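Dear colleague,

Please find below the structure I am handing over to you. My notes on what was found in it follow directly after.

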Number of protein chains: 2
Amino acid sequence: MIKVAVLGYGTVGSGVVEVIERNNDQVSGSAGEELHVKYILDLRDFPGDPYEDRVVHDINLILEDPEISVVCEVMGGTGAAYQFTKQALEKGKSVCTSNKELVAKHGPELLSLAKEQGCSYLFEASVGGGIPVIRPINSSLTAEKILAVLGIVNGTTNYILTKMSSEGAAFEDVLKQAQEMGYAERNPEADVEGYDACRKLAILSSLMAGKNVDSEKIYTEGITKITTADFEYAKAAGMAIKLLALGRMLEDGRVLAMVSPFFVSNTHPLAMVNDVFNAVFISGNMLGDSMYYGRGAGKLPTASAVVSDVIECARNQGRTISCRWEAGSAELADIAETEYSYFVRVKASARAEAEAVFPGKVFEAPGREDDLGIFTDVMKEKTFREKYATLGDKALGRIRLL
Amino acid sequence: MIKVAVLGYGTVGSGVVEVIERNNDQVSGSAGEELHVKYILDLRDFPGDPYEDRVVHDINLILEDPEISVVCEVMGGTGAAYQFTKQALEKGKSVCTSNKELVAKHGPELLSLAKEQGCSYLFEASVGGGIPVIRPINSSLTAEKILAVLGIVNGTTNYILTKMSSEGAAFEDVLKQAQEMGYAERNPEADVEGYDACRKLAILSSLMAGKNVDSEKIYTEGITKITTADFEYAKAAGMAIKLLALGRMLEDGRVLAMVSPFFVSNTHPLAMVNDVFNAVFISGNMLGDSMYYGRGAGKLPTASAVVSDVIECARNQGRTISCRWEAGSAELADIAETEYSYFVRVKASARAEAEAVFPGKVFEAPGREDDLGIFTDVMKEKTFREKYATLGDKALGRIRLL
């Protein structure tokens with residue numbers, strides 16, 4: 001029997017217990033022996049909860065119990081979660097987590113600690129919720145040099161952008177709606193400023209590069225500046241606006257990584273990824289593109305991914321499951337060097353000046369008289385920034401084109 | 001060092017050698033030790049080929065060589081391929097294959113033989129070419145009860161349907177074009193009659209059910225009866241026509257499995273899967289839907305999947321990689337019991353009669369005067385067949401709605 005401890009009895013934690021209990025036949029069958037939740041660590045008590053007798057408050061009970069071979073860290077944050085993960089790994093207990101913040105921040109250290117101890121640190125649920133992405137990279141695309149990752153990895157912002165597009169509503173209004181429905185947090189900064197997507201991209205890019213991509217060095221732009229006007233132009237151009245996480249290996253071995261809103265053609269598969277759904281494209285040098293799509297969040301989907309990690313640990317007792325994310329740091333390229341075409345929105349009165357700065361395709365959106373749109377030629381981000389700055393307050397906004 | 005034998009030096013076989021040689025750093029790194037192709041078995045010689053010195057004609061050389069721990073069976077067919085696979089497994093050598101025909105026909109026997117011998121029989125490349133599908137089912141969706149599989153699993157027919165849709169061309173003309181471009185075989189029966197999709201569905205459904213779904217019992221309908229008229233109606237209705245492979249667990253434990261063309265709403269992600277691309281949806285009871293998308297065929301993508309299986313064998317020497325497809329046979333439901341809405345095309349002159357038989361939504365396609373379309377209410381296939389038959393030659397065709 002495999003005995004498991006769950007750290008944190010919040011949404012994901014209670015989901016983990018539920019998946020293990022409700023699907024126990026399947027879960028234990030897959031694991032090859034019975035899987036049982038022995039402890040649930042939380043600061044709170046849960047009187048009346050069907051598993052209240054398993055709730056404990058002292059991590060040492062778990063750390064010192066030799067019966068516990070796998071720990072699910074679903075607390076979140078980088079404080080106690082980091083401590084407990086380290087302590088568990090030091091005891092040779094494998095740790096499975098949904099905590100992208102911790103993985104992005106301390107992944108390399110925790111992976112190497114697991115390796116030293118002959119156990120595993122797994123984090124399928126940290127990207128794409130329940131969608132299998134991390135394990136396909138580590139166990140299926142093993143013959144591939146990964147050239148690029150590209151995806152919609154934050155459900156909250158994708159929900160907001162989808163609603164802005166379908167309802168013509170303003171960012172603030174949709175955000176409020178999303179908060180009321182529980183799709184966005186009271187403090188939405190991590191989502192809407194792109195920080196959550198940035199952490200997930202750091203994880204995906206580190207797996208791509210085979211070494212650590214520091215999330216703090218990733219260029220990150222959120223969706224707070226996207227307006228209803230931008231959507232009117234996007235529609236007129238047959239495009240969607242999506243917050244994309246993009247990582248690419250450059251020929252010199254450096255990594256280009258950025259989170260940013262993009263204009264995406266409606267013929268691109270990512271354009272049809274709506275609401276809280278996520279999708280990740282991975283490009284390999286033999287396979288080309290493969291895409292993984294599904295619900296990127298939610299209690300049971302995320303918990304299912306954590307439990308699938310527990311099952312992998314059960315199947316691989318006494319050894320470390322291999323991971324592409326090795327020691328060493330990747331060098332990141334400055335995005336000023338990258339090249340894009342840009343959508344630029346300018347005051348209609350500045351048309352001549354804007355066309356002189358950006359000789360490109362001018363286009364209008366039905367019903368908009370005070371501004372107009374331009375798709376620029378492809379140019380370096382650095383050049384674009386200089387040109388764009390010359391327009392001063394006649395320029396109303398800009399969005400990159402995928 | 002892991003020494004490998006490749007059986008069959010055709011398209012996939014030469015791809016396997018190419019992936020192992022060109023990506024050797026990556027492949028050997030993933031495997032944990034160097035991976036080397038020692039033998040290539042083929043009836044022919046390949047003078048001038050860079051690996052001609054590895055070509056052998058006698059399977060016994062491979063079977064009797066204790067250095068060979070993994071065999072790639074990429075010959076196709078169920079004759080020699082079956083013999084050689086059995087013999088290799090009996091010697092404790094793991095076998096990795098792209099041969100869906102063999103997997104569909106003898107999967108259970110070969111899987112159980114591998115288990116007895118403590119080695120593995122892996123077949124990632126048998127469905128979806130290079131797209132990871134089989135391993136995600138066996139290693140990632142392990143906490144899930146799989147409720148349904150649904151996908152576009154044959155690239156040739158998807159290419160033909162895409163061209164028929166975009167060019168308004170007739171089936172025969174597009175087929176001829178596809179044959180000239182090498183996307184369809186000289187004898188296209190296995191693709192256009194749905195047999196290839198049926199074998200892949202047998203594999204996916206067997207993994208879903210956890211026991212054998214006999215491909216010969218799967219209801220299979222190809223695309224030869226789809227006309228340009230059908231596409232005119234599909235477009236008028238905002239739909240695509242796709243050849244789908246569909247497997248579903250019924251509540252009583254039986255399996256519903258069918259390959260058939262379907263009308264698919266343009267808002268469904270499968271509608272945007274075009275050309276030779278494949279996509280497979282898998283529904284789990286905790287995760288809901290996840291989708292896997294990419295190139296479903298091609299030399300290097302398929303070879304990459306075979307090599308990823310070889311790497312899994314290298315990582316799991318001396319043990320059997322677990323597979324959801326266990327012994328026992330699944331009972332299949334008669335599709336006469338299933339319920340669908342149907343698109344029916346009838347002679348315009350029979351409108352009144354058709355509406356009496358199928359009170360539903362009548363609609364016209366621009367420019368078509370001699371016929372019209374009806375979307376029927378949802379009804380049992382059995383009922384539908386009876387009603388449809390009463391229209392005799394006034395009924396011009398029918399396609400199920402997803």
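Two strands count as paired if DSSP finds at least two bridges between them. On that basis, in this predicted model, C72(A) stands opposite C96(A) of strand β5(A). The two strands concerned are β4 (residues 68-73) and β5 (residues 94-97) of chain A, which pair in the parallel sense over 4 bridges.

This pairing belongs to a wider arrangement. Chain A holds an open sheet of 6 strands with parallel pairing, in the order β3-β2-β1-β4-β5-β6. Its edges are formed by β3 (55-56) and β6 (121-122) of chain A; each has a single partner strand, so one side of each is left without a neighbour in the sheet.

In chain B, strand β4 (residues 68-73) may be described from both of its pairings. Strand β1 (residues 2-7) of chain B is joined to β4(B) by 5 bridges, and the two run parallel. A further 4 bridges join β4(B) to strand β5 (residues 94-97) of chain B, again in the parallel sense.

After α11(B) comes G238(B), whose phi is positive, near 70°.

I turn now to the interface. Between chain A and chain B, 46 residues of chain A are in contact with 46 residues of chain B. The area buried between the two chains is about 3700 Å², and carbon and sulfur atoms give 53% of it. The count of salt bridges between chain A and chain B is 0, whereas 25 residue pairs across the two chains are in polar contact, both residues being at pLDDT 80 or more. On the side of chain A that touches chain B, at least two residues each come from α1 (11-22), α2 (24-31), α6 (134-140), β12 (288-295) and α12 (299-315) of chain A. The most is given by α12(A), with 8 residues. By type, the residues on this side of chain A divide into 19 nonpolar, 15 polar and 12 charged.

Strand pairing also crosses between the chains. β12(A) is joined by 5 bridges to strand β12 (residues 288-295) of chain B, and these strands run antiparallel. Within this pairing, S290(A) has G294(B) as its bridge partner in β12(B).

Is R135(A) buried or exposed? R135(A), which lies in helix α6 of chain A, has 8% relative accessibility; the cut-off for burial is under 20%, and R135(A) therefore counts as buried. The side chain of R135(A) makes a polar contact with the side chain of D309(A), at 2.8 Å. Leaving aside residues up to four places away in sequence, R135(A) touches L122(A), E124(A), S140(A), S308(A), D309(A) and E312(A), together with S139(B) and S140(B) of chain B.

With kind regards

How values were computed: Residues numbered from 1 in each chain as written. Chains lettered and ligands numbered in written order. Heavy atoms only, no water. Contact = heavy atoms within 4.5 Å. Buried area = accessible area lost by both parts, 1.4 Å probe. Salt bridge = Lys/Arg side-chain N within 4 Å of Asp/Glu carboxyl O. Polar contact = N/O pair within 3.5 Å; in protein donor to acceptor, adjacent residues only side chain to side chain. Nonpolar A, V, L, I, M, F, W, Y, C, P; charged D, E, K, R; others polar. Buried < 20%, exposed > 50% of the residue type's maximum accessible area, 1.4 Å probe, protein only.
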